[in-house]
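Here's a structure to explore, strand by strand and helix by helix. Have a look around, then read on for a guided walk.

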Amino acid sequence: MGRGDGTGRIVSADDADDTGTRILHVDMDAFYAAVEVLYDPSLARKPLIVGGMEGRGVVSSASYEARRFGVRSAMSVGRALQLCPQAIVVVPRFERYSELSKKVMAIFRDITPLVEPLSIDEAFLDVSGARRLWGSPGEIARMVRRRVLEDTGLTCSVGVAATKHVAKIASTVSKPDGLLIVSEPETQAFLAARPVGALWGVGPKAVEALEARGIRMVSDILNTPRGVLDRALGPAMGARIWQLARGIDPRTVQTEHTEKSVGHEETFLEDVSDTAMLRSEFRRLADRVASRLRAGGWEARTIAIKVRFADFTTLSRSVSVPEPTNVGQRIGDVALELFEKIDLVQPIRLIGVRGERLTGDGMGGLALWDDDAEWRRVDAALDDARSRFGRGAVTRASTLGPRRDVNALPTNPRPARD
């Protein structure tokens, strides 16, 4: 597995077999940094940091030259410059990134109508219906890379596979500027050589639990009895990784013409540094987002957070979840995982949680597992109690953090329809 800095990169030969494939995962390479180089070619092949200019700012993106020194997104700019003193820092220009993103997504939709954007710089494409017009999935992937480069001047990495899960892993392994095709017959061998953390939805805590039992590679999962996995991670998570390790992923590419989202934010009367209080607030906001989703009959495929520091520097982070959700515990867990990756370089004045890329409740496709059956029952009980006694009458104990509501002033949150 690549380390995110271009080392360990694996790409396919020109004559690679694409038997049984139909899904492409296209991921732009160091997108923000690459766009800055496009506008200022003198920055090419130099360590580049996109982020706040002040030492207390936060890294939004970094070129691969900077990543090789250990620079990563959500790191403080001050820390990044300690790791890479020669780096050039530029402020983000989000209007540029949005403009280029629209061009890239338009290229995808010229090739197939089955496009599922995951963020501003990545998407899944189902090319099963485009073969007669454009050729095999491997040929289509090469055309995508060529057209993106010709039309925008930017490079992308593409994973081609039989499933979304494997295609996403393949694009990551091929970065930067690579193409990796994993044919259906090669899927098991490809997955077996990956670390357990490469499986979609397997976070740091799950990795720790598995490694404590000597399960470090996907090949170890294949040789581990289901009962051991269930005891390590719980039955639902055990079932999930048992399936994913074998290349089983029933999810289809979900297209949508109107992006919808539901979110809640909170602005504090006084800037907050207390991480326990912040974690509690994230939990509370996640519960509110989940409640609104359930009330509207929605589930979110992507969970996003927003953090605004005392100097008004604002950082957004998002991740696509393996299965659409409207479960408060799940949304809170994901929000906190995103939050924990951000360096708290200064006190915080605002936080937000958002569910994005919405789909109808239960319409996210066939699932082979349900991690959240117990939490769904908890949410149903909370919904019932709140409908009878009011929103403030009952809440989770995990949201009752220190100094709850003493120094916080909630905004008037509204669902966004973008």
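Two strands count as paired if DSSP finds at least two bridges between them. Keep that in mind for what follows, and remember that this is a predicted model.

**The big picture**

The protein has 15 helices and 13 strands. Of its 418 residues, buried ones make up 52%. Now take the contacts with a separation of 6 or more: residues 24 or more positions apart account for 71% of them.

**A strand with neighbours on the inside**

Let's begin with β7, which covers residues 156-161. How many of its residues are buried? The count is 6 of the 6, so the strand is largely enclosed by the rest of the structure. You can check this face by face: C156, V158 and V160 are buried on one side, and S157, G159 and A161 are buried on the other.

Strand β7 pairs with β8 (residues 179-181) in the parallel sense, over 3 bridges.

Next, find the open sheet of 3 strands, which has the order β3-β2-β4 and mixed pairing. The edge strands are β3 (59-62) and β4 (88-90), each of which pairs on one side only. From one strand to the next, the twist averages 30°.

Why talk about "parallel" and "antiparallel" at all? Strands of a sheet pair through backbone hydrogen bonds, and they can do so in either sense. In this sheet, β2 (residues 48-51) pairs with β3 in the antiparallel sense over 3 bridges, while 3 bridges join β2 to β4, which run parallel. I49 is a handy landmark: it stands opposite A62 in β3, and its bridge partner in β4 is V89.

Both faces of β2 are covered: L48 and V50 are buried on one side, I49 and G51 on the other.

| Strand pair | Sense | Bridges |
|---|---|---|
| β7 and β8 | parallel | 3 bridges |
| β2 and β3 | antiparallel | 3 bridges |
| β2 and β4 | parallel | 3 bridges |

Last stop: helix α9 (residues 204-211) and helix α11 (residues 226-233). They pack at an angle of about 130°, with their axes 9 Å apart. Are they parallel or oblique to each other? Angles from 65 to 115 degrees count as roughly perpendicular and those over 145 as roughly antiparallel, and α9 and α11 are therefore oblique to each other. Their crossing is right-handed.

Which residues meet there? A206, A209 and L210 come from α9, and they meet L229, A232 and L233 in α11.

Technical notes: Residues numbered from 1 in each chain as written. Predicted model: local features only at pLDDT ≥ 70, side-chain atom pairs only at ≥ 80, totals over all residues. Heavy atoms only, no water. Buried < 20%, exposed > 50% of the residue type's maximum accessible area, 1.4 Å probe, protein only. Helix = DSSP H or I, 4+ residues; strand = E, 2+ residues; numbered from the N terminus. Axes fitted to C-alpha atoms, helices over the stretch in contact; angles between N-to-C directions. Parallel < 35°, antiparallel > 145°, perpendicular 65-115°, else oblique. Left-handed = near helix turned anticlockwise from the far one by under 90°. Contact = heavy atoms within 4.5 Å.
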